[in-house]
Structure formats: C-alpha cells, structure tokens
Protein chains: 2
Amino acid sequence: VDIRNAGFKITTVDTNLFPAGFNNLNPDFWPLCVQAFQAALEHVCPGADRVLLVPENHTRNSFYFESLGVIYDVLRQAGFDVRIGSLRDDLRTPETITLASGKTLVFYPIQRVADTLSVGDFKPCMVLLNNDLSDGIPSILEGVKHKMMPPLTLGWSTRLKSVHFTHYQQVAEEFSHVIAMDPWFINPLFRVCDEVDFTKREGEGCLMQQTQSLLDEIQRKYDQYGINHKPFVVIKADSGTYGRGVMTVDTVEQLTHLNRAQRNEMAKTKGSQAIHRVILQEGVYTFETWDDAVAEPVVYMVGSAVVGGFYRVHEQRGINENLNAPGAKFKPLAFDRSCHTPDCDNSDSHINRFYTYGVIGRLAALAAAREIAEKTRK
Amino acid sequence: VDIRNAGFKITTVDTNLFPAGFNNLNPDFWPLCVQAFQAALEHVCPGADRVLLVPENHTRNSFYFESLGVIYDVLRQAGFDVRIGSLRDDLRTPETITLASGKTLVFYPIQRVADTLSVGDFKPCMVLLNNDLSDGIPSILEGVKHKMMPPLTLGWSTRLKSVHFTHYQQVAEEFSHVIAMDPWFINPLFRVCDEVDFTKREGEGCLMQQTQSLLDEIQRKYDQYGINHKPFVVIKADSGTYGRGVMTVDTVEQLTHLNRAQRNEMAKTKGSQAIHRVILQEGVYTFETWDDAVAEPVVYMVGSAVVGGFYRVHEQRGINENLNAPGAKFKPLAFDRSCHTPDCDNSDSHINRFYTYGVIGRLAALAAAREIAEKTRK
C-alpha cells in the first residue's frame, strides 16, 4: 500500500495486490510475516499445506527474485510446502536461479491436467499469485479447481484503480464516521476519463474538464482548512502502470502543452492498447523526509495484518512527484519499528506515525477485500 | 508452556492456561502478541472490541502486576477497549496501582446484573481470564452470557494435569506418526494415583507401585536408545500447584523415607484438601544451560501463535530439579529470537532450537484446545 503523508492529510495512493519489494522489509519483522501467512492462509484455505507460488515472468530482475525469495522462505517457515510455478512459455524444465545471498530458487513449469495444476508430483492445495496478469488471464490458470489468492479477476488486465478507490472511499467514509472526522483527511479525491488516447489527443476534453473540476474541489478543501499549498492532480492509467505513464499537473494548461515525448510516455502503460481509461487523482504532497530527501512510506500486508514497510527515499524528486517510476531510483529504507505498537497513552506523533501508516494500510486492505468479494460474486 | 530439553528428548512438562510472566518476554516480540491477540479474539468472538480482563486476586505481587500490565497494553494496542475487573471481595471502588515503570493499572470491582457483567458503564463483549480459579468458580462469573476464555471449567479447581497430558500424548502420537518418530521423544510418560494423603501416609502403596512401574518404563526407553542417565520421576498434585509440592525421586525407597517437612510440603497445594490426586511424571533432564547455570525454556502462546518465551535460569539447582518453585529464585532471560523463523535448509541446532520450542508449545496448545473442547461439550 503506497502512502503519502502531507501532514494535514495521509492516504493511500495505490494498493498493489501482487507486490514485489518484500526484500526491503526489516528482517526483524519476518516473524510477523510468518504468523500472518499462517492466519491468512488458514482463512483462505483451511488445512492447506501445499502452496504453488506463481511469480512474474521476469528472467533477469534480481530485485524481484530477492523479493520472491523472501515470500518463499516465509511461506516455508510458516509450515507450508511451496513450489514456484512459472507461467513462462519458454520454460520446459525446472530452472534454478541463484540469488546474491547464494540461496537458490527453482522455477518449475506448471502442468495442467483437466482442472488440476501440478509441478512434477507436487499437487498444490492453493495458488498464491504474485503475477499481476497485466497481459490477461493465462488459459492454464483459468477454471482450475484450486483456491487462488488474489483471484484471477483482480489481475491488472481487468482490475481498475478507480474501482479500488471507490471501495476505499466508502471504507474511509465509514471509518471517519466512527471517529467523527472529515474523510478527506484520509481519502484522495478522484475522477475518471473513459477513453483517452494521448498520442492522438483524443479524450482531451474530458481530461481538461475533470482536471479543472478536481483542482477546484481540492482548492475548496485547502481553503476550508487554511492550507497554503497549490493543489495538483496526478494522472495515470486506470489499469496497472508499474509507475509508467504517470503525470502531475497543477493547471489545465499543462495538459494542452504536452510534447511528443510526454504523450508517448503517457501512452506507455503495461498492455498494448493506446486508448485507455485514465484516473485523475488528487495529488497528495509528501512532507515526509529522510536526511533531507523526499520520502514516502510503503506498507506491506499479509491478509489483514500489517507486516512491515519501508520508505521510498528519493534525493532528486520533489514533494509533489511520484517516487515510484522507472528511472526514479529510490532508496528503500526499512521501517525500524512495527506498525503494531502505538503509544495509546499519549499522542507522540513520531511513535504513533508507524501505527497510522498501518491503519491506512488496513483500510486499503479492507477496500481490496471488498473489491475481491465483488469480483468473486460476479 | 514449560519445556524441558534433555537433548535426547524435548517435551512440555506443564501447560498453564492463566500465565503470568508476560513481562519477561522480549519487547521486540510484543508486535507478535498484538497480531496474535487480534487473530485469536477474532476466532473466539468475532467483532468483539470490549474485553474484561480478570486477573489474580494478588494485592502486592509486583511481578504479577507487571505481567498484567503487558497483557493490558498489548490488548489495547491490538485495538481492544479493556478494563481490569477484579474478583477481590474487599474491592468496593476502583483501585489504582502504580507499576515500577510509572504506568498505572486500575482495578475495578465487577458488577453483575442478571447474566451480564459490567464495570461502571463498560459492558464487555468477552472476558479474558487470567485468574486460575484454584479456589473454585466464583458465583459472579457462573452462567454469564459473555464468551469467556479460557472457559471457567479449565480453572485449577476442576482441571487435572493428567487430563491435559492424556490429550498431549494423543497429539504427540499423531504428530510423531506424520514424521515417523517415536512419540516418546516429545512426550513425558506418566501415571496417576487417585487418593494420596502425604501427611497420613495414605495411598503410599499406589505411589510406590506406580513410581516403580514408571522408572522401569523410562529405563527401558533409556536402554533402547543407549542413554546413560538415571531415570527419575517427578511427583506433583494433579491440580495446580504453583510449583509447590513438587518432589523428585529416582528410587522407590525415597518415598518411604520422607520426613515430616517433606510430607507437609507435598500436602501444601493450592486449595485446602489434604487428600488429592497425584500425577507421577517422567522426569526430563534439562541439559540447557546459560552461563553454566541450569536453564529451562518457557514458551508463551496467544491462541495458536507462539509469541515468545524466556529461559528460567537457576544457578543453585541441578539438571533434574524443578526450577519453578517458591524460593527457587530463577532469572528470566528473554528469548532473543522468535520461534517463527527456522532455518529450513540446514539443521543448525542453535538456530532451530527456538523453532523446536515453538513446535512443542503448539502441540501443547493443541492438547489444551482439545481439553477445552471436551470440557465445553460436557
């Protein structure tokens, strides 16, 4: 769960259901991961002890392999028998990859007979997806009998950020009602434009109109609370982007003056279609810093439990810029304390900061759970 | 869960359902406690957010208050609204106790109307018992509507160690079957004598006969595995003892030569009756040491999760002696790592030692769960 903390406002700006980056967590909190996997998988699939872990199809991304290695280790430590089953078309026999630590991971080709998956003689009880399926649902996974988490329909080929944030908004409103708070303090406003083609400049009318409407609404909130900052809007594809095609504007005019490079960048989302739904999200300043560099917290969850997180720290970016983009090299800085132990007796903001991150993470997880429930009902 | 590790054998020797000593845990693992309480209470009582914590009636035991303070803090951090409701007859108004840390705990007299407990205007969803009820079930708790954990019938006035160890033996056998191991490696043999009065020397025949039978059975196991140690037997009341009235013998003759002081000590169990059931348990050497002092591990669990533990370290006791007895002052030494992160790829016994403690703890918790299920069915 990507979080932005403006001081006057803290909220999630993205909830990834197929996260990498587990290797960035503080190893001190791996026991929390182990315990959380035990609790979560017991909910999903009582009695399951064989897990097929389906990773991304990367073949050379060592950061990703390190993250996968942590998930693999933690699942084993939680008592599960785990195999890594790859969706790569070119994989015919098991392939061993050696991590920087010297540890090895074996990638098996997945076999399917009728509605049952296997790798060799290993028959999984459940499938844990760590592949965002942005190229669509692979036929080998469709209609299998195994319980799959997250469900196939939550892959980026069918999932929309705007649906997540519609649920999140509802959750934020319910939560804020309980503690008598304006939900805006934890909820980013947003708009959607259905059909935008940045290269052909189609859908620009909607973009400009919605951007202005959103900037106006943010300004009204800033006025209401006496916030002296310039509202801005983050524009990105409504499907998964891997941080690509993310644009920040604070005036509508900036949209009409995009150069060709900027237009091409915005059209470059994962998946190939040039026309896509676009989400316009209230920009949230990050006033978190680490050694004078801009930082934004990322919270990791397993099931309903917060298991840790890290700061994305970036020395060359501004407080209104997206820190999660290719080329935008950030330094991960693991949380040095868990999100579980607030100081209940005083409001020391430093001590309770991590707890607050965890609360936002849990609200986002609840929104994701409702997303899953809705998709699964259909 | 009290554990003894003889190297050739590791097992629980006592499972306390109303533990003190939470203050001896490593604070680094409190997040595990928080997460475990969330998971456990969700199982017991979904949606519960108000917990009445019922402690022992101690009025001056600062160690106990520190432990209670940890349970209280952890429950609050887990998101529960908690009150401490005392069973003390003499408590008419709330009483505040200040801990060494400066933190305060408020003890409220419990009120009851019909089948509902309350303290002031606080109406709990569930009751968390941390009082071992060795003087019997207090009428104020009997027949109330609240979910109570552990159930009243598991208090020491009605609970028998031998029933726990009958369940534990079954669990140990099932577990050992899965990994093709002799269950004796994790299970202490035991016998029971129904009616023993140490002061009047009644029931001595049963004691001597069963002690001999048990020593013989242990010797056969020692012979089978080539263990060159002297078998010994631990004799204790089958109900809770708080470590009182625990005796170690390695010959039957020792039983006939008890002096008056020893007999009185054995008759001194919590609760007043002189005649009681006695459990004779296979003595398990502890070959764990810490700085040359004898040590035995104690594992703490919340629900099904292991949340930490400590070593009882004792400089004046032998490897076949009970370290948990009044006067037997031990030094608690918190585990410096969790029991969750075994090294799955090699068998480094130091690294995997804590994991093994946790496994024994979880088997004992499973036995306790069956005890609870059996008692609750009745």
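What follows goes from the chain contacts to the rings and then to the backbone.

This is a predicted model, where local features need pLDDT of at least 70, side-chain atom pairs count only at pLDDT 80 or more, and totals for chains, interfaces and linings use all residues. Residues are numbered from 1 along each chain as its sequence is written, chains are lettered from A and ligands numbered from 1 in the order in which they are written, and side-chain values use heavy atoms, with hydrogens and water left out.

**Where the chains meet**

Start with the contact between the chains: 21 residues of chain A touch 21 residues of chain B, contact being heavy atoms within 4.5 Å. Together the two chains bury about 1900 Å², with 49% of that on carbon and sulfur atoms; buried area here is the accessible area (1.4 Å probe) that two parts lose on being put together, summed over both. The rule finds six residue pairs in polar contact across the interface, both residues at pLDDT 80 or more. A polar contact is a pair of N or O atoms within 3.5 Å; within protein, one must be able to donate a hydrogen and the other to accept it, and residues adjacent in sequence count only if both atoms are side-chain atoms.

On the chain A side, the elements giving two or more residues are helix H1 (30-44), helix H2 (62-77), strand S17 (305-314) and helix H7 (349-377). Helices (H or I, at least four residues) and strands (E, at least two) are DSSP runs, numbered from the N terminus. H1(A) gives the largest share, nine residues.

**Rings**

Over all chains there are 44 aromatic pairs. Rings of Phe, Tyr and Trp (its six-membered ring) pair if their centres lie within 6.5 Å; planes under 30 degrees apart count as stacked, over 60 as edge-to-face and the rest as tilted. Here are two of them.

| Pair | Centre to centre | Angle between planes | Type |
|---|---|---|---|
| Trp290(A) and Tyr311(A) | 5.5 Å | 35 degrees | tilted |
| Phe22(B) and Tyr300(B) | 5.1 Å | 70 degrees | edge-to-face |

Trp290(A) is partly exposed at 35% relative accessibility, while Tyr311(A) is buried at 2%; buried means under 20% relative accessible area, exposed over 50%, partly exposed in between (1.4 Å probe, protein chains only).

Phe22(B) is buried at 5%, and Tyr300(B) is buried at 7%.

**Backbone**

Most residues other than glycine have a negative phi, and most peptide bonds are trans. The bond from Met149(A) to Pro150(A) is cis, with omega near -15 degrees, and Pro150(A) lies in the loop between strand S10 (147-149) and helix H3 (161-178) of chain A. In chain B, Met149(B) and Pro150(B) are also joined by a cis bond, omega about -15 degrees.

Ala114(B) has a positive phi near 55 degrees and is exposed at 64%. Leu133(B) has a positive phi of about 55 degrees, but Leu133(B) is buried at 3%.
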